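Please look over the sequence and the model shown below before reading on. The briefing that follows takes its topics one at a time.

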Amino acid sequence: MTLVDERPAVSVPPAAVRRPRRSYAVFPVHLAMLAWAVVTALPLLWAVVSSFKTDTEILNEPWSLPASPQPGNWARAWTEASIGRYFLNSLIVVGGALLLTMLLGSLVAYALARYEFRGNRLIYYTFVAAMFFPVFLALVPLFFVVQRLGLLGTYPGLILVYAAYAVPFTVFFLHSFFRTLPGEVAEAALIDGCSHFGVFRVMLPMARPGLVAVGIFNFLGLWNQYLLPLVLNPDPDRYVLAQGLAALSVSQGYRSDWSGLFAGLTIAMLPVLIAYVAFQRHIRAGMTAGAVK
């Protein structure tokens with residue numbers, strides 16, 4: 001008498017018994033990203049470390065850590081090299097331009113995205129084309145326009161030019177966000193008696209990821225702007241940080257005050273680094289939301 005196993009045989013799919021293969025296709029990509037990270041981060045770290053060294057250590061031991069940190073380099077750069085004044089000028093100009101850019105850009109993007117009227121696409125593509133126009137081709141006429149308006153070398157002049165420079169990208173970026181917002185919310189607001197501007201105020205918070213992302217991009221771009229203030233801001237007392245660093249590199253180089261120069265460079269980098277590190281999640285969220293939508 002033989003025993004027969006009456007349990008049904010379990011068929012195992014071939015894919016289940018195969019050993020998982022390791023994908024080596026992503027290795028070159030990771031290697032390239034690592035190399036790019038090293039190339040990008042190493043100069044920044046070197047500049048920060050050098051800002052705490054003495055001039056002798058910078059020249060004789062450029063790759064070593066400071067034997068005794070010198071925080072006085074930062075104080076000297078802030079006061080004697082006028083980095084503090086340049087920093088304040090940049091805050092005024094970039095802050096005012098960013099506020100004006102976000103206000104005008106969001107209004108224009110919302111109108112082009114939510115309202116159909118004759119010339120809508122023409123206006124939109126005009127803003128898109130303005131993004132590809134080289135700014136250095138407009139420097140000469142821009143100089144004379146600002147000069148005749150009496151705004152040459154003034155805060156309002158730089159703020160207006162900065163805003164005009166950043167509005168096309170802002171409109172292009174926010175246009176897709178406003179187009180995907182639910183129309184039922186706008187209809188409900190109109191039924192409740194809201195004006196068109198009131199509807200805009202209701203819809204604006206719904207585009208928050210895009211607003212945060214484009215605001216950070218504009219801040220980074222305007223903070224590092226050099227060509228426009230170089231032409232339109234000849235007053236040394238109103239130099240922005242990029243102009244001040246260029247002047248500092250010449251003056252401190254002649255004085256051989258390399259520690260003060262590196263301290264000034266580090267102070268100029270800090271706002272950009274802090275803004276990117278603090279809002280990197282918002283940047284990714286904004287880019288992802290725009291891509292999905």
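The bend at a residue is the angle between axes fitted to the seven residues ending there and the seven starting there. This is a predicted model, in which local features need pLDDT of at least 70 and side-chain atom pairs count only at pLDDT 80 or more, while totals for chains, interfaces and linings use all residues. Residues are numbered from 1 along each chain as its sequence is written, and side-chain values use heavy atoms, with hydrogens and water left out.

**Overall make-up**

- The protein chain has 14 helices and zero strands, where helices (H or I, at least four residues) and strands (E, at least two) are DSSP runs numbered from the N terminus.
- Buried residues make up 34% of the 293 residues in the protein chain, with buried meaning under 20% relative accessible area, exposed over 50%, and partly exposed in between (1.4 Å probe, protein chains only).

**Helix α8**

- Helix α8 covers residues 155-179, and its 25 residues should span 36 Å at 1.5 Å a residue, which agrees with the 35 Å between its end C-alpha atoms; the expected span is 1.5 Å times one less than the number of residues.
- At Ala166, α8 bends by about 35°, and a proline, Pro168, follows within four residues.
- At the start of α8, a side-chain oxygen of Thr154 comes to within 3.3 Å of the backbone nitrogen of Gly157; this is a polar contact, a pair of N or O atoms within 3.5 Å in which, within protein, one must be able to donate a hydrogen and the other to accept it, and residues adjacent in sequence count only if both atoms are side-chain atoms.

**Pairs separated along the chain**

- Ala130, found in helix α6 (residues 120-131), counts as partly exposed because its relative accessibility is 36%, and its C-alpha atom is separated by 10.0 Å from that of Ala166, 36 residues apart along the chain.
- Val214 lies in helix α11 (residues 208-223) and counts as buried because its relative accessibility is 0%.
- Val214 and Thr170 are 44 residues apart in sequence, yet 6.4 Å apart in space, C-alpha to C-alpha.
- Gly183 belongs to helix α9 (residues 183-191) and is partly exposed at 27% relative accessibility, while its C-alpha atom and that of Met203, 20 residues apart along the chain, are separated by 9.5 Å.

**Surface patch**

- Phe27, Leu31, Leu34, Val38 and Leu42 form a nonpolar patch on the surface, with about 500 Å² of accessible area together, as given by the Shrake-Rupley method with a 1.4 Å probe, where for residues only the protein chains shown count as cover.
- Patches are made of residues with over 30% relative accessible area and no salt bridge, like charges being joined within 9 Å and nonpolar side chains (Val, Leu, Ile, Met, Phe, Trp, Tyr) within 5 Å.
- Leu34 is found in helix α2 (residues 27-50) and counts as exposed because its relative accessibility is 53%.
- An α-helix has 3.6 residues a turn, so residues three or four places apart point the same way.

**Salt bridge**

- The structure holds one salt bridge, meaning a side-chain nitrogen of Lys or Arg within 4 Å of a carboxyl oxygen of Asp or Glu.
- In this salt bridge the side chains of Arg238 and Asp235 meet at 3.0 Å, N to O; Arg238 is partly exposed at 32%, and Asp235 is partly exposed at 23% relative accessibility.
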